Amino acid sequence: MLLLVACGPREAPVIPGAMIDPGDRTRSGICARWKAGHVITTPQAFMPGGGSCAPGALKPGAIEDTLTRIDMFRWLAGLDPVENDPTFDVDAQACSTIAAFWDFMRPANPHMPPEDSTCWSAQGQRGAGSSNISWGVRHPANSIDSFIEDAGANNVDALGHRRWILNPPLGPVGVGYYEGGSNFGSASCLRVFGMTPGQASPAWNAVPPPGFAPIEMARWTWSFQGSVAGISAARVTMEKSDGTPLMIEVHRLQAGSGQPAVAWVPVGWTVEAGETYTVTVGNVSYDVTPVDCTKL
């Protein structure tokens, strides 16, 4: 029987199964990393090209801001950072150009744009087929929060955007962002199909992560993914620190997006900062203590 336990609101909670140095997991350490990961050094990210369908380019600082945001979320999950591949950026930038002008009234999938799509290109089609896509984020770094949150009725049964970013072997990524277009003011593509051998591969990771966790993440859909056998069909329960059981709605996530995973949402209750919640997924148990980083 596999039993991995992280013991709650200690000042140095353990990340079960982690294969890299967990770093400073105190309340202050978690909040410091959360805040640093949300700093944008290059607010004007996009450099337009010579026409509406010209992909343009991103400023190097904006790409670094995006990598910093990715690495912050991966650090919280106990995973290794990723690198950028400029050749992947080209595909992602072309993808974001198609996405910015996407016609949501047509039945086509934006990940498989047909050749009659506005601003279509072979590079853009290639990028769309291997990227997370978001709209209206106003900066490519902000798209990462959108992907990890993965909100919306169409996403809760897959959480594919989140699972690709928190896939342990994720390697070089490509960052694309187009400001303008006909939908929501911007579109962002993150190429996520690159894999790097040797990346740390803990037995599992979770959102929100075990131990102290930013309250923002605890208010998103909760999820658990990894290589532990039977995750997709595992029984999931939650309780408060006083042992009170909490009602949740469990979603068995579709295969094909990174690792096997299961997700759940609260039913009839709201996550509170400072409370400790015990999660049990099959034979794995861990504690999560949400923290309001605005007060630290």
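**Close-up views of helix 2 and its surroundings**

**View A. Helix 1 packs against helix 2.** Helix 1 and helix 2 pack at an angle of about 160°, with their axes 8 Å apart. Axes are lines fitted to C-alpha atoms over the stretch in contact, and angles run from 0 to 180 degrees between N-to-C directions. The two helices are therefore roughly antiparallel (an angle over 145 degrees). Contact (heavy atoms within 4.5 Å) involves Trp 34 and Arg 33, among others, of helix 1, and residues including Phe 73 and Leu 76 of helix 2. This is a predicted model: local features need pLDDT of at least 70, side-chain atom pairs count only at pLDDT 80 or more, and totals for chains, interfaces and linings use all residues. Residues are numbered from 1 along each chain as its sequence is written, and side-chain values use heavy atoms, without hydrogens and water.

**View B. Helix 2 spans residues 60-76.** Its 17 residues reach 25 Å from first C-alpha to last, close to the 24 Å expected at 1.5 Å a residue. Helix 2 is largely enclosed by the rest of the structure, because 13 of its 17 residues are buried (under 20% relative accessible area, 1.4 Å probe, protein chains only). Gly 78 follows helix 2 and has a positive phi, near 80°.

**View C. The largest nonpolar core has 47 residues.** A nonpolar core is a set of buried Ala, Val, Leu, Ile, Met, Phe, Trp, Tyr and Cys residues joined through side-chain atoms within 4.5 Å. Trp 34, Phe 73, Leu 76, Ile 144, Ile 165 and Leu 190 have the most contacts inside this core. Helix 2 gives the most to it, with eight residues.

Technical notes: Helices (H or I, at least four residues) and strands (E, at least two) are DSSP runs, numbered from the N terminus. The expected span of a helix is 1.5 Å times one less than its number of residues. Buried means under 20% relative accessible area, exposed over 50%, partly exposed in between (1.4 Å probe, protein chains only). Angles under 35 degrees count as roughly parallel, over 145 as roughly antiparallel, 65 to 115 as roughly perpendicular and the rest as oblique.
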